[in-house]
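The following briefing is meant to be read alongside the coordinates, and it is arranged by topic. Please keep the sequence at hand while going through the points.

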Amino acid sequence: MDKDIRLVSMDLDGTLFQRNGLPSAYTKDVLRRLREHGILVMINSGRPIFSVRQRVGEGLYDYVSTRNGQEIFDEKNHTSWANAVLSEKDVRELFDLCLQYPVMFNCFYEDHTVLGCARKYQPAALLVRKAMNHRWKIRREEQSLLYHRFEDTGIQGAAKICVAGLHHTLKKMDQKLDQARFHGVFVGLQWYEVMAAGVSKGKALRQVMEKEGLTRQQCIAIGDGENDLDMLAASGYGLAMSNGMDALKKASDEVIGSNEEDGAAHWLEEHLLK
């Protein structure tokens, strides 16, 4: 690992966040101290910006990459830029693909969340929703209606599509994805997300490094899911949480403590703040 570390890029859920979906006071203190030491902090998450700001708080990071790299916010200069989004045609195609399987899916459109499932799979989808309520409860109670037809949604585009289901079912969907147009990643064994081709946490990290004039050797990345693979690949040193997915741990330079143990914060304090 290069000792001249200038940027740390970190995932939230399963990484900085504990089981309650929040960072501990200790983790927040480490983020604050990193910035005081002149190290840039980048949050690189699948969450939307309002959720990051609400759950992490302000003044603890310099950049935020949201929705797996679809939009990047420069918190220092109060500016942002966006990468490709899914078009109405893209969302329609993905909606129809999801309807072929016993899964539940959602997408962010404008200021609300649209949930859908095939009518014949609705009982199973409702069980999935109940089991994963902490993830689906994005904003107020707007997801009470399940859509069974794309035409009823009014969607004209989306940042990403999230799909929940059994792992072997999601793998089948992944195999049918048009890789030239879409980028699909596993956030967990039962959680799959699809963005426009070229959108990724790794691309967002490379954009920030270029903006700051940094090399990959000056960057560390920390994550837990397969959607963090290209983020780790873009960095000079990649860390995987011990609670992370096997593919990420195999691709990392080092496996550290779990999110429940504040593994990321402890590693950062030990290696960058002493």
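In this predicted model, Ser258 is in contact with Met241, Ser242, Asn243 and Gly263, once its neighbours within four places in sequence are left aside. Ser258 lies in the loop between strand E16 (254-256) and helix H10 (263-272), and at 12% relative accessibility it counts as buried, because the cut-off for that class is under 20%.

- Helix H10 is largely enclosed by the rest of the structure, because seven of its 10 residues are buried.
- The buried residues of H10 are Gly263, Ala264, Ala265, Trp267, Leu268, Glu269 and Leu272, and Gly263 is also one of the contacts of Ser258.
- The elements that cover these buried residues include E1, H1, E14, strand E15 (237-241) and E16.

**Strand E1 and its partners**

- In strand E1 (residues 7-10), Leu7 and Ser9 point one way while Val8 and Met10 point the other way, and all of them are buried.
- E1 runs parallel to strand E2 (residues 40-44), to which it is joined by four bridges, and within E2 the bridge partner of Met10 is Ile43.
- Together with the helix H1, the strands E1 and E2 make a β-α-β unit that is right-handed.
- E1 also pairs with strand E14 (residues 219-223), again in the parallel sense and over four bridges.
- In E14, Leu7 has Cys219 as its bridge partner, and Cys219 counts as buried at 0% relative accessibility.

**Nonpolar cores**

- The largest nonpolar core has 32 residues, and those with the most contacts inside it are Val103, Phe105, Ile161, Val163 and Met173.
- Two or more residues of this core come from each of helix H3 (88-98), strand E7 (104-109), E11, helix H6 (167-176), strand E12 (182-188) and E13, with H3 giving the most, namely five residues.
- Which residues does Ile161 touch, not counting residues up to four places away in sequence? They are Leu86, Val91, Leu94, Phe105, Asn106, Cys107, Tyr192, Glu193 and Val194.

**Salt bridges**

- Side chains of opposite charge can pair when their charged atoms come close. With a limit of 4 Å between a side-chain nitrogen of Lys or Arg and a carboxyl oxygen of Asp or Glu, the count comes to 19 salt bridges.
- Arg35 forms a salt bridge with Asp62, in which the closest N and O atoms are 2.9 Å apart. This pair links distant parts of the chain, since Arg35 is in helix H1 (residues 25-36) and Asp62 is in the loop between helix H2 (49-56) and strand E3 (63-66), 27 residues apart.
- Within that pair, Arg35 counts as partly exposed at 29% relative accessibility, whereas Asp62 counts as buried at 5%.
- The side chains of Lys160 and Glu193 also meet in a salt bridge, at 3.0 Å from N to O. Lys160 lies in the loop between strand E10 (157-158) and strand E11 (161-164) and Glu193 lies in strand E13 (residues 191-196), so this pair ties together parts that are 33 residues apart in sequence.
- Lys160 counts as buried at 2% relative accessibility, and Glu193 is buried as well, with a relative accessible area of 4%.
- Lys274 and Glu270 form a salt bridge through their side chains, at 3.2 Å from N to O; here Lys274 is exposed, with a relative accessible area of 74%, and Glu270 is partly exposed, with 43%.

**Cysteines**

- How many disulfides does a search of the whole structure find? The search finds zero.
- Cys98 is in no disulfide, and the nearest cysteine sulfur, which belongs to Cys107, is 9.5 Å away, whereas a disulfide would require the two sulfur atoms to lie within 2.5 Å.
- Cys98 counts as buried, at 2% relative accessibility.

Key:
Residues numbered from 1 in each chain as written. Predicted model: local features only at pLDDT ≥ 70, side-chain atom pairs only at ≥ 80, totals over all residues. Heavy atoms only, no water. Buried < 20%, exposed > 50% of the residue type's maximum accessible area, 1.4 Å probe, protein only. Pairing = 2+ DSSP bridges. Right-handed = clockwise from strand over helix to strand, strands pointing away. Contact = heavy atoms within 4.5 Å. Core = buried A, V, L, I, M, F, W, Y, C linked by side-chain atoms within 4.5 Å.
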